[in-house]
Amino acid sequence: MPEINIQKLTQDIIAAATGAAKGHAADLRQYVEEHARIIAEGVKQIASDRLQNKITDDDVRFAFDQIKESEATSLLAIQVTLKAAAQDAINAAISIAEAAINKAIGIALF
Amino acid sequence: MSKIKPYLFFERFARTPAPESRIERVKARLMPNENASHFQIRPMICSRPFIAGVIAALFTSCAAVFVAPYDETTDRLLTDLSVKTETAIAKADSGKLSEEDRAKFYDEALGTVRTMKRRSSLYAKNEDEIKALTQLEQRYVDLREHGSSPRSSLATGLRSTILSVQQIQIAKKRSSVFSAGLKKSGSTE
């Protein structure tokens with residue numbers, strides 16, 4: 001019966017978990033950049049529309065309130081992404097541990 | 001028993017201590033096939049396959065689930081809503097969105113968001129998405145109640161909220177694809 005190499009198993013688990021979370025990290029970065037771009041363009045558009053009298057002061061206040069309110073949804077999006085990343089990292093680690101047990105006992109239990 | 005006088009029977013019955021339970025009585029006797037010798041067979045609970053089985057059950061039963069699974073229909077509805085919203089914003093910016101079109105746009109957008117919310121509530125661990133959709137609904141309601149055209153300057157909050165809900169779908173989709181890959185690799189090993 002082969003022994004379980006703890007050091008190698010630990011390294012494999014870390015590699016699988018970080019690999020699983022990497023994709024989410026890239027998505028999150030992309031989202032934050034796009035979110036910042038939308039806000040920046042929106043602010044520019046608010047200023048431009050106000051200068052051209054296309055919108056009123058009341059509209060400007062409304063637009064900024066809406067941007068502030070939308071930040072709560074942004075927080076939720078980040079939370080879900082982090083939860084999904086944690087879920088994938090943990091499941092990847094469990095999968096590696098399962099494979100190690102299968103190999104050690106010589107029977108495919110999983 | 002018929003020969004014993006009734007009062008004697010009841011007296012003897014009253015003096016005899018009642019057994020605590022049926023299990024107690026059975027335990028007191030030695031079973032015919034019971035091994036009373038010094039050497040005992042170790043119970044199955046100590047065997048290696050049993051321990052491995054327990055660990056296996058532990059692993060298979062504790063797969064982490066923090067977010068609801070990806071729902072393609074919700075994602076498709078969101079994409080349609082995003083297209084409709086951007087079309088309405090473009091029309092409003094160029095002054096081509098009539099009062100009637102605006103009212104129709106808000107009604108349809110609210111109908112879509114409410115449908116998505118109802119669908120999302122069918123899944124467990126989906127509270128964050130439901131909250132996000134409630135906030136998206138509020139953005140449309142606020143714009144409609146403000147009574148102005150959904151120009152890009154006024155719809156920045158709405159655009160940002162749509163993007164956040166889209167990010168939720170992307171995270172869930174990536175997670176679902178990853179989980180499917182794990183299951184596939186597990187079954188081929």
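1. Starting with H5(B): in this predicted model, the buried residues of that helix include B:Phe105, B:Ala109, B:Val113, B:Met116 and B:Ser120. They sit on the same side of H5(B), because the arc they cover around the axis is only 60 degrees.

2. On the face of H5(B) turned away from its buried side you'll find the exposed residues B:Glu99, B:Glu100, B:Ala103, B:Asp107, B:Gly111 and B:Arg118.

3. A quick check on the geometry of H5 in chain B, which runs over residues 99–120: with 22 residues at 1.5 Å a residue, the helix should span 32 Å. Its end C-alpha atoms are 32 Å apart, so the two agree.

4. Over to chain A, where the inventory is brief: two helices and zero strands. The radius of gyration of chain A comes out at 24 Å, whereas the globule rule gives 13 Å for 110 residues; the value is well over the rule, so chain A is more spread out than a compact globule.

5. The box tells you about the extent of chain A too: along the principal axes, its C-alpha atoms fill roughly 80 × 20 × 15 Å.

6. Of its 110 residues, 34% are buried. Among contacts in chain A with a separation of 6 or more, 81% come from residues 24 or more positions apart.

Notes
Residues are numbered from 1 along each chain as its sequence is written. Chains are lettered from A and ligands numbered from 1 in the order in which they are written. This is a predicted model: local features need pLDDT of at least 70, side-chain atom pairs count only at pLDDT 80 or more; totals for chains, interfaces and linings use all residues. Helices (H or I, at least four residues) and strands (E, at least two) are DSSP runs, numbered from the N terminus. The expected span of a helix is 1.5 Å times one less than its number of residues. A residue is buried if 20 or more other C-beta atoms lie within 10 Å of its own, exposed if 12 or fewer, and partly exposed in between; C-beta atoms are placed from the backbone. The arc is that of the directions from the helix axis to the C-beta atoms. The radius of gyration is taken over C-alpha atoms; the globule rule is 2.2 Å times the number of residues to the power 0.38. Two residues are in contact if their C-beta atoms, placed from the backbone, lie within 7 Å.
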